[in-house]
Amino acid sequence: MVGMEEEEEEEQRRPPVSPFGVYFNSSSISLAVLAVLEIEEPINIPHSRLVFLLDTLLLRVHPRFSSVIVTGKDGEQRWKRVEVNLKDHIKTAVFPENRSPEYYEERFSSYLSEISAELFLGNRPLWEIHFVKYPTTNAAGNVVFKIHHAIGDGYSLMAALLSCFKRSDDPSLPLTFPDIRIRRSGDAGGGKKAAVARALASAFNTVSDLWTSFSKTKLLADDLSPVRSGETGVGFRPISAATMAFSLDQIKQIKSKLGMTVNDVVTGTVFLGTRMYMKEMEPGSEDAETTSIVVLNTRMLRSYNSVHDMMMSKATESPWGNHFAFLHVGLPKLMSTMARRSLEFLKATQKVIQKKRSSVAVHLNGGLIQLYRKLRGSENLTVTMVSYMGQMRVSIGTEKGFIDPNKLKSCIQRAFDLILNSTC
């Protein structure tokens, strides 16, 4: 009897899985982060050294990297610490030798597709590291981190990665970044009437956005199109990946001339490229009802905090875990002369996004999702972006066998060229 009580007490001490973690590890969706590190030099690290580094660095960064998800007697999912056999988490790709970088680029893309479709085993911590020691067109080798989204979001995982590094000028000190000062808009002016008008507009946009989120989740479906197959279980199917790079200076040039944000420019470029792809693949489909799900970080970011600070209960601005929200954003329609009026499309995109910014639905959608405890899964056209060393790297993951990633990539690049030429 005492043993059972101790077991129950131990179970209650285990930290619960967050609501987002439950959603991302369900029968409806299993979502993992694939992060690729492009290495400039050939990868020659000995296996024993790698095991030592993972044991002394990664496993000590956060308990989630040495925990599995278990369901308690009360039906609640919790994190349970386990012994980690690092050899089970280190994978090395094996390709034919002495081939061209173009060949390895194609094989690497196929490899990403294969591992993206593989589910994690429930008896192991939910992460893997894959080494691809073959030169592609972009790197001498690649290291792929596959980490289940239940462990944390991109901000948390980047903080975990950065915590493994030290400063080059003094290796005894951790890597640090300067604080980012958040600009406060303050009083927009205009008096009481203007304030009332803004409040009413915000309320209207919030109700509209909540209804859109509700209807898109449960009632209404987008039109079938070259970017939406309508097949069930798409979220569990293999993907095809492609990446592209844009000059951050050119993006900022467009931003300054049009009075937009970097996000406006990049989002508008992706939306325009997607519509161009739809038109080329199926003329007439560029006017199809198409909705994107934009993921917004809900943290009040100032800088990257250490993992230790993120784990403290008082770290309310940037705690560990999944702290973001979903917002449905409809793609503007592509007019027949849009090739000559790309800036109109970009401004239409900005107008939609500005309307969303005046809504507080982004903070309420999480509660709406909790009502269902189930997501239907993505349509497997995923776009992620990161800026680094003067470039904006854009990665697309598409439904394999349905969306042509290289053609879509070409359309997005042409969309950017149209916008740049029209602006400058």
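**Close-up views: salt bridges and helix packing**

View 1. Glu280 has a relative accessibility of 37% and counts as partly exposed (buried is under 20% relative accessible area, exposed is over 50%, and partly exposed lies in between, with a 1.4 Å probe and protein chains only). This is a predicted model, in which local features need pLDDT of at least 70, side-chain atom pairs count only at pLDDT 80 or more, and totals for chains, interfaces and linings use all residues. Residues are numbered from 1 along each chain as its sequence is written, and side-chain values use heavy atoms, leaving out hydrogens and water.

**View 2. Glu280 with Lys407.** The side chains of Glu280 and Lys407 form a salt bridge, at 3.1 Å from N to O (a side-chain nitrogen of Lys or Arg within 4 Å of a carboxyl oxygen of Asp or Glu). Glu280 sits in helix α8 (residues 262-281) and Lys407 in helix α12, so the pair ties together parts 127 residues apart in sequence. Helices here are DSSP runs of H or I with at least four residues, strands are runs of E with at least two, and both are numbered from the N terminus. Lys407 is partly exposed, with a relative accessible area of 30%.

**View 3. Glu280 with Arg414.** A salt bridge also joins the side chains of Arg414 and Glu280, at 2.2 Å from N to O. Arg414 belongs to helix α12 and Glu280 to helix α8, so this pair ties together parts 134 residues apart in sequence. Arg414 is partly exposed, at 33% relative accessibility. Through shared partners, salt bridges join Glu280, Lys407 and Arg414 into one network.

**View 4. Helix α8 against helix α12.** The two helices pack at an angle of about 125°, and their axes are 8 Å apart (axes are lines fitted to C-alpha atoms, for helices over the stretch in contact, and angles run from 0 to 180 degrees between N-to-C directions). Therefore α8 and α12 are oblique to each other (under 35 degrees is roughly parallel, over 145 roughly antiparallel, 65 to 115 roughly perpendicular, and the rest oblique). Residues of α8, including Leu272, Met276, Tyr277 and Glu280, meet residues of α12, including Lys407, Cys411, Arg414 and Leu418 (contact means heavy atoms within 4.5 Å). By class, this contact of α8 with α12 has 12 nonpolar, 3 polar and 3 charged residues (Ala, Val, Leu, Ile, Met, Phe, Trp, Tyr, Cys and Pro are nonpolar, Asp, Glu, Lys and Arg charged, and the others, Gly among them, polar).

**View 5. Helix α7 against helix α12.** Helix α7 (residues 248-258) packs on helix α12 (residues 405-423) at an angle of about 50°, with axes 10 Å apart. That makes α7 oblique to α12. In α7, Gln250, Ile251, Ile254, Lys257 and Leu258 meet Phe416, Ile419, Leu420 and Thr423 of α12. The classes in this contact of α7 with α12 are 6 nonpolar, 2 polar and 1 charged residues.

**View 6. Arg124 with Asp88.** The structure holds 5 salt bridges. One of them joins the side chains of Arg124 and Asp88, at 3.9 Å from N to O. Arg124 lies in the loop between α4 (101-117) and β5 (127-132), and Asp88 in the loop between β3 (77-81) and β4 (90-92), so the pair ties together parts 36 residues apart in sequence. Arg124 is partly exposed, with a relative accessible area of 26%. Asp88 is partly exposed, with a relative accessible area of 26%.
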